[in-house]
Amino acid sequence: ALPSGIGMEGVGIITKTSSVKSTFKVGDRVAYGLGPPGSYSEARNIQENKLIKIPNFVEDEAAASIMLKGMTVEYLLERTFKVNSSHTVLLHAAAGGVGLLACQWLKHIGAKVIGTVGNEKKAELAKSNGCDEIVLYREEAFDKKVLSITDGKGVDVVYDGVGKDTAIMSLNCLKALGMLVLFGNSSGNSPPIDPSILAAKGSLYVTRPTLMTYCAERHDMEKSVNRVFELMKNSVIKPSIGKVMSLSEIVKAHEDLESRKTNGAIVLKNDY
């Protein structure tokens, strides 16, 4: 029901706690990446078990831009399909917030990365973050291009956060026993996938994971966040912040997102 707050991740300073036994104290810098919704706000109440203390080496803007995206990349690459240096990966939206972090992380692992992007500017951005091969999906059929790049072998895993526009063609890119990971739906929900198609294309796997499930337990969330902070500290990954905008510019921020004018993350800051 409206009015309703939105925004799933944020960074702030503790101004008050509900108990002297709290894990946190007034003045602590904290972040969250799993909601509940409502981060488009100047101040809010939030459950203690949703918060993580920010290490001193991580700046506020970096933490705000990387929490949800970094945890997403962690569970995708290290738990949903554990990528290693022998794998070839197809990554859709390689120049987006999740995509750029995934490119960096995959480069560190040593996997070969094929990324789809919408234009040359985004292609250069993805390449500079570790993407080995680029497919301009507006200019050519990405499934045919991927098979060409891989000499007809296909990839081990497809990470697809787009959904409707890409899911079915993504199946064409997989080698036998490969996995399609549908972790998002920016273009709409994926069409239904007939299991017989999976059999015909080589006993393929399809999964629709969510961060909320993979980090439902506190210890899983902490492990995921700490892994992200560890790789940041070691300069393996770094947030890509496309814009820093005022909270009062929220309409413009969403217009830019919807028109795909953005690269990397948008960070919203309170006006005061």
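Where is Glu-140 found? Glu-140 sits in the loop between β6 (133-136) and α4 (142-149). Helices (H or I, at least four residues) and strands (E, at least two) are DSSP runs, numbered from the N terminus.

## About the model

This is a predicted model: local features need pLDDT of at least 70, side-chain atom pairs count only at pLDDT 80 or more, and totals for chains, interfaces and linings use all residues. Residues are numbered from 1 along each chain as its sequence is written, and side-chain values use heavy atoms, with hydrogens and water left out.

## A negative patch

Glu-140 belongs to a negative surface patch together with Glu-120, Glu-124 and Glu-139. Patches are made of residues with over 30% relative accessible area and no salt bridge; like charges are joined within 9 Å, and nonpolar side chains (Val, Leu, Ile, Met, Phe, Trp, Tyr) within 5 Å. Lys and Arg count as positive, Asp and Glu as negative, while His and the chain ends are not counted. The place of a charge is NZ of Lys, CZ of Arg, CG of Asp or CD of Glu.

Glu-140 has a relative accessible area of 31% and is partly exposed. Buried means under 20% relative accessible area, exposed over 50%, and partly exposed in between (1.4 Å probe, protein chains only). The areas come from the Shrake-Rupley method.

## Salt bridges

How many salt bridges does a search of the whole structure find? The search finds 13. A salt bridge is a side-chain nitrogen of Lys or Arg within 4 Å of a carboxyl oxygen of Asp or Glu.

One of them joins Glu-9 to Lys-69, with the closest N and O atoms 3.3 Å apart. Glu-9 lies in the segment before β1 (10-13) and Lys-69 in helix α1 (residues 60-80), so the pair ties together parts that are 60 residues apart in sequence. Both Glu-9 and Lys-69 are buried.

Arg-29 and Asp-60 also meet through their side chains, at 2.5 Å from N to O. Arg-29 is in strand β2 (residues 29-32) and Asp-60 is in helix α1, so this pair links distant parts of the chain, 31 residues apart. Asp-60 is partly exposed, at 35% relative accessible area.Another salt bridge pairs Asp-132 with Lys-107, and their closest N and O atoms are 3.5 Å apart. Asp-132 is in the loop between α3 (120-128) and β6, while Lys-107 is in helix α2 (residues 97-109); the pair links distant parts of the chain, 25 residues apart. Asp-132 is partly exposed, with a relative accessible area of 32%. Lys-107 is partly exposed too, at 47%. Elsewhere, a network of salt bridges links Lys-25, Asp-28 and Lys-53.

## Strands and sheets

Three strands form an open sheet in the order β1-β2-β3, with antiparallel pairing. The edge strands are β1 and β3 (52-53), and each pairs on one side only. Two strands pair if DSSP finds at least two bridges between them. Two bridges join β2 and β3 in the antiparallel sense. Ala-31 stands opposite Ile-52 in β3.

Which way do strands β7 and β8 run, parallel or antiparallel? Strands β7 (residues 155-160) and β8 (residues 174-182) run parallel, joined by five bridges. Tyr-159 has Val-181 in β8 as its bridge partner. β8 is also joined to strand β9 (residues 205-207), by three bridges, and these two strands run parallel. Met-179 stands opposite Tyr-205 in β9. In a regular strand the side chains alternate between the two faces of the sheet.

## Backbone details

Gly-35 and Pro-36 are joined by a cis peptide bond, with omega about 5°. Pro-36 lies in the loop between β2 and β3.

Two residues other than glycine have a positive phi here. Leu-177 has phi near 70°. Leu-177 is in strand β8 and is exposed, with a relative accessible area of 53%. Ser-235 has a positive phi of about 60°. Ser-235 lies in the loop between α8 (218-233) and β10 (241-246). Ser-235 counts as exposed, at 64% relative accessibility.

## A buried leucine

Is Leu-100 buried or exposed? Leu-100 is buried, with a relative accessible area of 0%. Leu-100 lies in helix α2. From C-alpha to C-alpha, Leu-100 and Val-73 are 9.8 Å apart in space, and they are 27 residues apart in sequence.

Definitions and conventions. Areas by Shrake-Rupley, 256 points an atom, 1.4 Å probe, with all protein chains shown as cover.
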